[in-house]
Amino acid sequence: MKHTIRAGDVAHGGSASARIKMELIQAGVDATTARRAGIVAFEGEMNLIVYSDNGGTISVAVKPHAVVIDVVDTGPGIEDIDLAMTPGYSTAPDWATDLGFGAGMGLINMQKHSDRFEIHSQIGTGTAIQCWIERKGDWAMKRQEAS
Amino acid sequence: MKLARVIEHLSLEVFTSSANIDQEVTGGYCGDLLSHVLSSAAPGNLWITIQHHTNVVAVAQVAELAAVLLADGKQPNEAMLERASAGRIVLLGSSNSAFEISGRLRQLLTG
C-alpha cells in the first residue's frame, strides 16, 4: 500500500492515515497494532504536508510479525535530527500551529508508537523514516488459539 | 456510560445526522494540540476541543475516540461535517467552555 501525500494539502490531512488504519484492519491486523500504525502514519502524513517541499509517500507493508511504515520525501531535509526529536521543538509555521499542529511531538509520537524507529535525513536530499510496529495483539491471539 | 446519556446529561448539541451515539464513553480528554491528543487520549474517550476543522476528524478516527465535542460554541464547517459523517465520527457541541464541560463530564463519569 503506497499513498502519495501533497505538500500543503492540509484540507485532506489525515485522510491517508485513516484509510491506512482501515486497510490494516481489513488485512487482519489486530486493533491495537492498527491504532498504533494509524498514529505513526498520521504524524508522518502531517509532516509531509506541513514541512516537505514536494510532498512524499507513505508505504505500508504487512509482515507476519509487524507492520512496516516508510515515510519518504525529497526535501528540504532536517539539519539537526536530535534537535527535531526534542519534545516541544518545532519549526511549524503560524497557520499550522493555529490548527493544533506544531506541538513538537510528531517525530516523538512516531517513535513512541513504534518498536523500531529509524530516521535518515540530508539537507537537499530529503528525509526517510522507517517504523516497525510489532503485531503483538495477533501473537497473543495466536498463542491463545494454540493453547 | 453510553454516549447518548452523556449527550442528554450535558445538554450537548449533536451536529452529525447519522450519529452513532450508542457507544460507551471510556473517559474524557481535553486539548487542542493534535499530537498530544493522539499520544494521550484513550480509545473511547470523549475529546473536548476548540479546534474545528477536518484534521480533527482524522485524529478522532485514528485514535478511536467516542466523539469530538466542540466547546465555546464552535461550529463545524461543511467539510468537517462531511468528513465526520463519512468516517462515522460523532460531532457534538456546547456553548460552555472546555473547562466547564470537562468538570461536568468528570463528575458525570466518576460521580
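This is a predicted model: local features need pLDDT of at least 70, side-chain atom pairs count only at pLDDT 80 or more; totals for chains, interfaces and linings use all residues.
Residues are numbered from 1 along each chain as its sequence is written, while chains are lettered from A and ligands numbered from 1 in the order in which they are written. The model scores ipTM 0.93 and pTM 0.94. Chain B has a mean pLDDT of 96, with 99% of its residues at 70 or more; pLDDT is the predictor's confidence in each residue, from 0 to 100.

**Sheet of chain A**

- Five strands form an open sheet in chain A, in the order β1-β2-β3-β5-β4, with antiparallel pairing. Strands are DSSP runs of E, at least two residues, and helices are runs of H or I, at least four residues, numbered from the N terminus.
- The edge strands are β1 (2–5) and β4 (116–122) of chain A, and each pairs on one side only.
- From one strand to the next, the twist averages 10°.
- β1(A) pairs with β2 (residues 56–62) of chain A over four bridges, in the antiparallel sense. Pairing requires at least two DSSP bridges between two strands.
- Lys2(A) stands opposite Ser59(A) in β2(A).

**Helices on the sheet**

- α1(A) lies across β1, β2 and β3 (66–73) of chain A and runs at about 10° to β2(A). Axes are lines fitted to C-alpha atoms, for helices over the stretch in contact, and angles run from 0 to 180 degrees between N-to-C directions.
- α2(A) lies across β1, β2, β3 and β5 (126–134) of chain A, at about 0° to β3(A).

**α1(A) close up**

- The buried residues in α1(A) include Ser15(A), Ala18(A), Ile20(A) and Leu24(A). Buried means that 20 or more other C-beta atoms, placed from the backbone, lie within 10 Å of the residue's own.
- The buried residues of α1(A) pack against β1, α2, β2 and β3 of chain A, together with α3 (54–63) of chain B.

**Contacts with chain B**

- In chain A, 21 residues are in contact with 20 residues of chain B. Contact means C-beta atoms, placed from the backbone, within 7 Å.
- α1 (15–26), α2 (31–51) and α5 (106–112) of chain A each give two or more residues to the side that touches chain B.
- α2(A) gives the most to that side, with five residues.

Methods:
Two residues are in contact if their C-beta atoms, placed from the backbone, lie within 7 Å. A residue is buried if 20 or more other C-beta atoms lie within 10 Å of its own, exposed if 12 or fewer, and partly exposed in between; C-beta atoms are placed from the backbone.
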